[in-house]
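Trainee: I have a model to go through with you. Can we take it one question at a time?

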Amino acid sequence: MTGLIDNTLFIISKATKSRATLLLKINNLEDRLISFIGENPDKLKNFRNTLFHLHNSSGIDNESVRNLPSFKSISSDLGVSSCYVKPIFSVNERNETVYLILFTDEIDKYDQITKDILLSFANILSNQLKEADEEQSGKRYDFLVSEETVDEKLITENWKENFYNVWNLSDDIIFLLDNDGCFLKINSSGALLLNYHPEEMKGKHFLEFVSDENKADVSAAFTRLIHSAEPITFKADLKSRIDKIISLEFNGKTIVKGNKIIGMFGIGKDISQLKIFEEEINRLKPKLTEAQRIVEIERSRVQNQKSIVEELNRLKSEFVSNISHEFRTPLASIIGFSETIVSDPDLPDEMKNEFNNVILNEGKRLAKLINDILDLSKIEGHKITIIKRNFDVVQMLKKVIFKNKAAAGEKGVVLNFERPYDEIFIDGDKEKLAQVFDALINNAIKFTNEQGRVKIIVNNLFKEVEIVVSDTGIGIPEKDLPYIFQKFYRVSRPGTEIPGTGIGLVFVKQIIDLHKGLVSVQSELGNGTTFIIKLLKSIRVNKNEVET
Ligand code: ADP
């Protein structure tokens, strides 16, 4: 067995390039050299004495060994700067411990492989000593390996195996860097991800594999790492051998020995796919916001439509009550005056004529009202059509104005027609357009007080004819202007309610639209209103009728 122990010690000595390697058994009575490699052990007499006292008083650790004056002189005799003392086997009963002692340059400077070898062989030595001890004494000792040894045993046996399984099987990049940031080790799948063999990456600096854009960030993360006892997380894009960019999230932690950082352990997870998803999410985000905005607009549109429908219903019931009133007033006159004529045969002819005139006018008013309602039902059913023919719009306006002269005169309103042109031809529905201007002039007279003026102006434009119906009447409040072409809409004028149904302007707009013309309104409350109608001009055609 001693031969085996000597061989093991020899391997340790070679692997660690130790100047002197001892296996020293110390108990409370003596210290005994089990095996040694290298320098003459006599040179180490003082050192052994010190260890003996230390073992039997406060115990031995690296720090206590390093601080011994005797060790310092011995180590300088041997030409090494440090010593590694490690209890590898102890038997409680006998207070006996076997120490592995290496006189070597700083153990801290060993690479991982050397450390692994050292720990593995220390473990082997421990087993060999156990067997030798049992052989010698012929009985089994309840031996106990020091706490530190238990840990290291686990590391070199189960833990190491498990660790290497993880190391080799993981899809993540697992690596060890030295204290300069160069790769000591990297797992195969990690290296493969970057299209390298692990050996090729060994000794290369981590930053060599980082994309140019991320180099500064990674350097900053390394600085944070050095100053932190806790693991640090950072993201970086690495560049593979074939210049493929791989996005990774790293968890790194420094490896500290004493108070010196000797390297770094890191795991990197490939988040390229995740990043693509994130980018996709970010790309879709504005679309989502846009979609939400559209939904919001749709919602408020529906809300608006709902309130429009509600408003229409309100206007409709108002219309019903207005229209009943509009019917009742002329009917009351007609019935009243007819009754008077019938019941009083002595009524003078003069009065009879006057009453007949009233009956006639009220009858006409009723007829107009019925026509308006019929027009409205046609508009609602989209049944209204226009029959176009070529006609002189100036001539048509002249007739409409003439028809309204009497009503204007009765009200004391001056009705003027400014027409610097003798004739302007258009293709349109003469009767319907006459109804349009009749309605506008009617309104102008209706909403203009005595001594006011209503003016109709015709402007001959380049391609269009512009007809302006302007009055000096009561005007329309600005807030009502956008709604006056809506069905049943009537400007409310508290105190001075003027009869009406709110359908005249709907008809106007509908007919002008069917002619592909334009209607607009300008008004100032108290100062008057101007309606402007634009229609496409045509050239004079002898006789031509077009139906649309
Ligand atoms: P109405 O039968 O009530 O006159 P209209 O559709 O012709 O219905 O007009 C809608 C509303 O526009 C009227 O209630 C009126 O208040 C306003 N309006 C139309 N023309 C004029 C005008 N020339 N001056 C002032 N208000 C007008």
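**Buried charge, salt bridges and the ligand site**

Mentor: Start with lysine 25, which counts as buried at 11% relative accessibility. Keep in mind that this is a predicted model.

Trainee: In which strand does lysine 25 lie?

Mentor: Lysine 25 is a buried residue, with 11% relative accessibility. Its place is in residues 20-26, which form strand β1.

Trainee: Which residues is lysine 25 in contact with, leaving aside its neighbours within four places in sequence?

Mentor: The cut-off for contact is heavy atoms within 4.5 Å. Leaving aside neighbours within four places in sequence, lysine 25 is in contact with Glu30, Asp31, Arg32, Ile34, Glu96, Thr97, Val98 and Asp133.

Trainee: How many residues apart are aspartate 237 and lysine 275?

Mentor: These two form a salt bridge, with the closest N and O atoms 3.4 Å apart. The pair links distant parts of the chain. Aspartate 237 is in strand β7 (residues 232-239) and lysine 275 is in helix α10 (residues 272-343). They are 38 residues apart.

Trainee: Is aspartate 237 buried or exposed?

Mentor: Buried means under 20% relative accessible area. Aspartate 237 has 15% relative accessibility, so it counts as buried.

Trainee: In which helix do arginine 299 and glutamate 296 both lie?

Mentor: Their side chains meet in a salt bridge, 3.2 Å from N to O. Arginine 299 counts as exposed at 52% relative accessibility, and glutamate 296 as partly exposed at 44%. The two are 3 residues apart, about one turn of the helix, and that helix is α10.

Trainee: Now the ligand. Which polar side chain lies 2.9 Å from a nitrogen atom of the ligand?

Mentor: The ligand is surrounded by 20 residues, and the closest are Asn443, Asp471, Arg490, Thr501 and Leu505. An N or O atom in the side chain of arginine 490 is 2.9 Å from a ligand oxygen atom. For the ligand nitrogen atom, the polar side-chain atom at 2.9 Å belongs to aspartate 471.

Trainee: What share of the ligand's accessible area does the protein cover?

Mentor: The backbone takes part too: a polar backbone atom of glycine 502 is 3.2 Å from a ligand oxygen atom. On its own the ligand has 530 Å² of accessible area, and the protein covers 97%.

Trainee: Which element gives the most to the shell around the ligand?

Mentor: The elements giving two or more residues are α13 (430-446), α14 (504-514) and β16 (528-536). By type, the shell divides into 9 nonpolar, 7 polar and 4 charged residues. The element that gives the most, with 3 residues, is α13.

Trainee: Which elements do the buried residues of α14 pack against?

Mentor: In α14, Leu505, Val506, Phe507, Val508, Ile511 and Ile512 are buried. After α14 comes lysine 516, with a positive phi near 55°. The buried residues of α14 pack against α11 (349-380), α13, β15 (518-524) and β16.

Conventions
Residues numbered from 1 in each chain as written. Predicted model: local features only at pLDDT ≥ 70, side-chain atom pairs only at ≥ 80, totals over all residues. Heavy atoms only, no water. Salt bridge = Lys/Arg side-chain N within 4 Å of Asp/Glu carboxyl O. Helix = DSSP H or I, 4+ residues; strand = E, 2+ residues; numbered from the N terminus. Buried < 20%, exposed > 50% of the residue type's maximum accessible area, 1.4 Å probe, protein only. Near = heavy atom within 4 Å. Polar contact = N/O pair within 3.5 Å; in protein donor to acceptor, adjacent residues only side chain to side chain. Areas by Shrake-Rupley, 256 points an atom, 1.4 Å probe, with all protein chains shown as cover. Nonpolar A, V, L, I, M, F, W, Y, C, P; charged D, E, K, R; others polar.
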